[in-house]
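Subject: Handing over the structure

Hi,

Here is the structure I promised to pass on to you. Please have a look at it first, and then read my notes below.

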Amino acid sequence: MLEENAIVLMQNFIQRHKKEVHLALDLTLGRGKDSKFILETYPESRVLAFDIQEEALDWVRENLKKQDRLQTILDGHQNLDSYLDQEVDLVVMNLGYLPGGDKTIITKAATTVMAIEKALESLKLGGLFTLLVYRSHPGAAEEVATVEECIRSLDQKDYRVQRIEFYNQKNQPPVFFAIEKRKKK
Ligand code: SAM
């Protein structure tokens, strides 16, 4: 049975990861749905979540229940290493603009790739990175090309990568990437 959309697909990957998740990164907090999903799926987890918009952090503070394991950070994900002193088990990143917010404030190629590289560096061996790349909004094309190039260049000895898309969906549906940091043999 195939998933109905890319979000469900991402959630299924997170759910079936099933390894212990102590610390997760949500690189694009937005309305907090992905952070919430991780916190509910992994009751032992703590999530560090980044967004550059105060609107996102305020919204999450007001609308998300049970935030004791969620730390929100008003800063760009490209600076994530300033907030980390340990490895992480799981990373989620959903590119684009804040749903229901200002559509001109979007994730950008250079900072997105910087964040991907730093997050992969911080990921434990066996850890999972899920990435959802939206393609239809203005400004997306450059980011898509840069992100694809970055991910394609990951050494297969170090990372296992899957790319999945809803191939016959209209209007440029998002592309989903799952990246697993491989254990050394
Ligand atoms: N995960 C979110 C959710 O569950 O609602 C959706 C994320 S939304 C598609 C993308 C978010 O990335 C926006 O809220 C935007 O403000 C944020 N963003 C843009 N540039 C960023 C950056 N450099 N660092 C962190 N967040 C950024």
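Let's start with a term: rings of Phe, Tyr and Trp (its six-membered ring) pair if their centres lie within 6.5 Å, and planes under 30 degrees apart count as stacked, over 60 as edge-to-face and the rest as tilted. This is a predicted model, where local features need pLDDT of at least 70, side-chain atom pairs count only at pLDDT 80 or more, and totals for chains, interfaces and linings use all residues. Residues are numbered from 1 along each chain as its sequence is written, and side-chain values use heavy atoms, leaving out hydrogens and water.

Searching the whole structure turns up two aromatic pairs. In the pair of Phe-13 and Phe-176, the ring centres are 5.0 Å apart and the planes are at 55 degrees, so this pair is tilted. It links distant parts of the chain, with Phe-13 in helix α1 (residues 6-17) and Phe-176 in strand β7 (residues 175-181), 163 residues apart. Helices (H or I, at least four residues) and strands (E, at least two) are DSSP runs, numbered from the N terminus.

Now for the ligand. Some polar contacts (pairs of N or O atoms within 3.5 Å) stand out for a look:

- A ligand oxygen atom lies 2.9 Å from a backbone N or O atom of Arg-31.
- A ligand nitrogen atom lies 2.8 Å from a backbone N or O atom of His-77.
- The side chain of Gln-78 has an N or O atom 3.1 Å from a ligand nitrogen atom.

Enjoy exploring!

How values were computed: Polar contact = N/O pair within 3.5 Å; in protein donor to acceptor, adjacent residues only side chain to side chain.
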